[in-house]
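Please open the structure in the viewer and follow the stops below in order. Each stop names a selection and then describes what is found there.

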Amino acid sequence: MSDTAAPLTQDRQKLEMAALSAPGVLFTVAMIAFPVVYTIWLGFQTFSSTGKQSFAGLANYSKLISDVEFWHGLWITIALFVLSLVLQLVFGVWLALVLFHARRLPGIVRSLFISPFMMPPVVAGMMWLVILDPSLGAANYILQSFGLPPSDWLASPTWVIPTVALIDSWQWTPYVALIVLGGLQSLPPSVYEAAQIDGASPLKTFQRITLPLLLPTIVTAAILRSVDLLRFFDIIYITTQGGPGNASNTLNIYGFRVGFEFFNIGYASALMLTLTAVVFGAVLAFNRLRGAVAW
Amino acid sequence: MKARMLATHVALPVLVIAASGQAHAADFDWMKFKGKTITFLANNNPVAQALLTYKADFEKLTGMTLKVDGYQEQQMRQRLVTVMNANSDEVDVFMTLPSREGEQFAAAGWYGDLTAMAKNDVAKDYDPNGLSQALLKAATFNGKLTSMPMNLEGPIFYYRTDIFKKCGLEAPKTIKDVEAAAEKIKACDSTVTPFVSRGLKPAVAYTFSNMLHNIGGTYIAGGKSNLCSAKGKEALDTYSRLLRDFGPPGVVNYSFQQISALYRSGRAAMAFESSNELRTVMEGGARLKDTGLMPFPAGEAGQVPTTIGWGMAVSSHSKQPDAAWYFVQWATSPEVQKKMALQGIAPPRPSVAKDPEYRKWIDEEPVRKEWQAALDVLATKGSSEVGYPIVANPQSREFIGQAVQDLILKQKPIDQACADADKALDALIALN
Amino acid sequence: MIDAANADRWIRWLNTIQLVLAGALIMAPTVWMVLSSFKPSFEVTAYPPTLVFSPTLENYVELTRTTPFLSYALNSLIVTVGSTALGLLFGIPAAFAVSWTRITWPAILTLAARMAPGTLFLLPWYVMFRQIGMIGSYTALILSHAVITLPIVIWVLLPSFDAIPRSVFEAAQVDGCSVSRILWRIAMPLVASGIAVSAILAFVFSWNYFLFALVLSNGDTKTLIAAAFNFIGEGSTQWGALMAAATLIALPPLVLAALVQRWLVSGLTLGAVKG
């Protein structure tokens with residue numbers, strides 16, 4: 001390869017790469033530019049009860065900072081996020097390993113294993129609402145059959161968030177498992193062969209070899225789950241509507257009510273943008289991590 | 001006080017509508033807007049479902065095409081809010097709940113003014129007077145009539161006559177009787193929940209308002225939130241105590257789905273829930289013969305039951321309000337409402353309620369008779385006040401619910417609960 | 001050697017137990033849902049919960065009678081297949097480019113749409129699409145759903161592309177292959193299982209998403225998921241019909257997943273390329 005040819009190929013390559021990402025980027029920009037700009041603009045307005053709109057500068061944001069509901073909502077959102085993410089990552093990896101070693105399982109059964117997240121959230125919510133009903137549901141029935149005390153589940157201010165985390169984890173752990181399974185399958189077998197020859201135990205193999213190699217996939221799963229977990233809405237909307245009291249009032253639920261039920265569009269926009277910023281921060285942090293664990 | 005107010009304010013519109021209606025009856029033509037298309041955004045509840053079974057009749061009568069977009073209540077509201085915020089003319093007619101969003105939508109200018117049309121542009125047998133005056137008044141804001149009532153509904157008291165008999169109890173006549181019955185049932189039958197009603201925060205106001213009015217309390221006094229008044233506290237205390245001490249575990253999440261399911265499965269002795277739930281409660285037939293129904297028992301101020309109803313409104317952004325009005329008129333006419341009544345939709349017209357065919361349907365089952373009797377009381381004595389009579393009514397319900405939940409969960413003493421609620425509600429009232 | 005064989009059997013036993021346990025926990029609620037769809041509505045919330053009952057088809061009959069189920073299903077199918085296809089079309093090349101150049105911002109940009117609450121887009125999109133008269137069109141629905149599928153495709157494929165050794169590409173470049181050729185001929189076959197996973201995930205997300213359809217569709221293009229909501233309402237909560245609708249709604253993604261299983265398991269692994 002002559003010196004004059006190499007830079008040409010490199011530039012050509014850069015152009016071709018840009019052409020590959022361009023459609024996706026342009027499409028996204030075309031779709032979200034107006035909504036984002038519009039919402040930012042709305043965040044600087046106040047709306048009177050008669051719909052009259054006036055420029056309000058940073059009023060909505062200073063209201064946000066002094067709003068107890070907001071900080072409480074932020075705390076609830078983060079608590080739910082951390083609890084759910086940990087559960088889903090840990091059990092997702094476990095489930096992926098179990099499924100990986102059960103390769104002879106028929107396809108139908110395997111797809112049943114990953115079925116929970118295929119259920120529409122509204123259905124999952126209604127279903128768990130019945131199962132977890134303290135008087136009518138199977139959950140307490142089963143607990144009591146084993147002599148255990150019944151729980152208020154979703155109706156308990158203390159336990160509503162852990163319960164919601166459990167419901168969400170039931171639904172989305174298989175999703176994480178599916179992603180990690182994809183990662184497991186693309187691991188070079190040569191590494192395992194080497195480990196076996198060395199006589200390493202399965203646990204050691206997992207710890208020292210599999211897990212580090214899986215980290216990029218796990219972080220990807222974490223990113224994909226994080227954007228949804230931080231915007232937690234559906235299950236809570238169907239089951240508790242943010243209650244009892246405000247015990248499950250995540251930021252997304254709060255913002256939704258402010259906008260659609262209390263008609264305070266300006267403040268709702270400020271809330272939604274703040275939530276978006278929080279999610280963005282989380283994604284950036286995880287992306288850093290992704291770079292750090294790359295092979 | 002509120003009930004009396006309803007009576008006096010009603011007289012005026014009645015006279016006005018009556019006077020001009022007859023003058024124009026002769027030149028009314030159903031086919032005037034032939035060929036036009038009307039878009040109807042419906043809440044997919046039994047009321048709309050019953051109405052839409054006769055969709056073809058409307059299209060034949062008027063030569064218009066009816067496009068229906070039906071969604072579950074909260075989804076419908078979301079869609080409506082989006083469409084109206086965009087000032088779009090996509091929707092011509094929509095269903096609305098004046099007791100909840102009437103002031104809010106009126107302030108936002110979303111309702112078309114029906115006052116003139118209800119007077120001048122009506123068919124001979126429309127009989128606008130025949131509609132419940134209370135509901136018409138509840139749909140009038142700043143002198144403008146914003147929607148025509150489609151049905152009549154409100155929370156009523158369901159109770160197990162067999163359990164009452166077993167525990168030696170008579171049907172309750174006062175709120176104190178209800179409390180006494182709950183205590184006795186708790187002692188007499190441990191497998192059943194004595195009392196169940198709404199505990200879910202945004203849903204509480206619906207049933208709580210009824211109790212507050214029966215006791216004689218008001219939400220607002222002298223321009224300020226009145227929950228910490230003696231009567232306000234009594235209502236808060238009674239309602240939350242009934243649910244806390246005699247209600248099912250997890251009642252703070254309870255709305256109509258769980259209440260109906262609990263009562264229907266035989267696990268509740270008394271249920272205070274919407275009249276709409278009759279059909280759901282009677283499913284499977286288990287409760288058909290052992291249920292009694294009545295408006296919520298009286299308090300110191302007697303019985304002031306909560307009476308609300310869905311209404312049909314014309315969008316202020318509609319490009320064809322006159323044609324849209326024809327649909328509204330047809331849908332709320334005596335003939336159509338009678339047909340809907342035979343499907344179990346309580347009519348907002350006393351005349352229909354007395355119609356022999358309807359009465360025959362009612363007389364088929366004792367529960368239906370009691371249901372209609374309860375609704376008759378709601379029609380005559382009812383108040384539409386659910387939550388605060390301000391623009392921010394939906395938001396006010398949150399604070400009412402919060403106060404009740406604080407008490408059910410024993411998170412605050414009553415003085416603090418009502419004070420916190422009053423503080424937040426004063427801020428809302430000030431925005432009005 | 002005996003130890004190894006014993007250990008092997010132990011491990012397999014342990015795995016089977018874990019599999020059964022996981023399966024039971026995961027599938028129990030779904031099984032409950034399917035069983036409930038064959039119970040009359042009032043029995044779904046009966047207590048104690050009944051495992052033995054006489055099954056009935058009345059929920060399915062009621063469902064198909066009262067809602068234009070098939071037409072909704074078709075709408076959902078058109079929108080979902082369209083948005084998945086669009087997501088794959090734009091996403092696969094983008095993921096490849098991001099992986100190779102290690103320039104991540106395009107991937108983060110596409111994810112931006114998933115960082116904001118869905119409700120943020122409702123009003124602006126309604127206004128946008130109304131201006132060009134596209135409310136109720138399949139196009140509007142497909143475009144809005146593609147905003148969801150695109151980031152999923154990209155982010156699920158990224159680790160798969162990342163796992164391909166650079167040497168493979170360098171070899172191809174020396175041979176004078178253009179970038180798109182490398183993608184099409186070499187990279188894509190290697191990440192076939194990743195593509196299968198991303199396709200399933202994109203399909204499921206789009207299939208179950210109701211928020212955008214709420215404002216962008218009309219009576220003719222309403223999607224299936226809207227039908228599920230119709231069974232929860234005051235005076236008309238029909239548990240049986242809801243469970244029946246849920247079972248039917250969950251079927252297409254499940255069938256798709258079962259069909260694509262082949263590629264999930266047997267995708268060409270890198271082992272074949274280690275040469």
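**First stop: chains A and C**

Select chain A and chain C in this predicted model. Here 87 residues of chain A are in contact with 93 residues of chain C. Together the two chains bury about 8100 Å², and 78% of that area lies on carbon and sulfur atoms.

Next, display the charged side chains between the two chains. The count of salt bridges between chain A and chain C is two. To see a salt bridge, select A:Arg290 and C:Asp162, whose closest N and O atoms are 3.3 Å apart.

Which helix of chain A gives the largest share of the side that touches chain C? Select residues 5-43 of chain A, which form helix H1; this helix contributes 18 residues, the largest share. Colouring the side of chain A that touches chain C by residue class shows 60 nonpolar, 19 polar and eight charged residues.

**Second stop: the largest cavity**

The model has 15 cavities of 30 Å³ or more, and the largest holds about 790 Å³ of space. To find the largest cavity, select B:Glu73, B:Gln74, B:Ser255, B:Phe256 and C:Glu234, which lie nearest its centre among the 44 lining residues.

Then select the elements that give two or more residues to this lining:

- in chain A, helix H5 (121-131) and helix H10 (234-239);
- in chain B, helix H4 (73-85), helix H5 (98-108), helix H10 (204-215) and helix H12 (256-264).

The largest share of the lining comes from H4(B), with four residues. By class, the lining of the largest cavity comprises 18 nonpolar, 17 polar and nine charged residues.

Which residues are closest to its centre? Select A:Pro121, A:Asp228, A:Arg231, A:Asp234 and C:Tyr209, the closest of the 25 residues that line this cavity.

Conventions: Residues are numbered from 1 along each chain as its sequence is written. Chains are lettered from A and ligands numbered from 1 in the order in which they are written. This is a predicted model: local features need pLDDT of at least 70, side-chain atom pairs count only at pLDDT 80 or more; totals for chains, interfaces and linings use all residues. Side-chain values use heavy atoms; hydrogens and water are left out. Contact means heavy atoms within 4.5 Å. Buried area is the accessible area (1.4 Å probe) that two parts lose on being put together, summed over both. A salt bridge is a side-chain nitrogen of Lys or Arg within 4 Å of a carboxyl oxygen of Asp or Glu. Ala, Val, Leu, Ile, Met, Phe, Trp, Tyr, Cys and Pro count as nonpolar, Asp, Glu, Lys and Arg as charged, and the others, Gly among them, as polar. On a 1 Å grid over the protein atoms alone, a cavity is a set of points where a 1.4 Å probe fits but cannot get out, and a pocket is an open set with protein on both sides within 12 Å along at least five of seven lines; lining residues have an atom within 4 Å of a point. Grid points are joined across faces, edges and corners, and a volume is the space filled by probe spheres set on the points.
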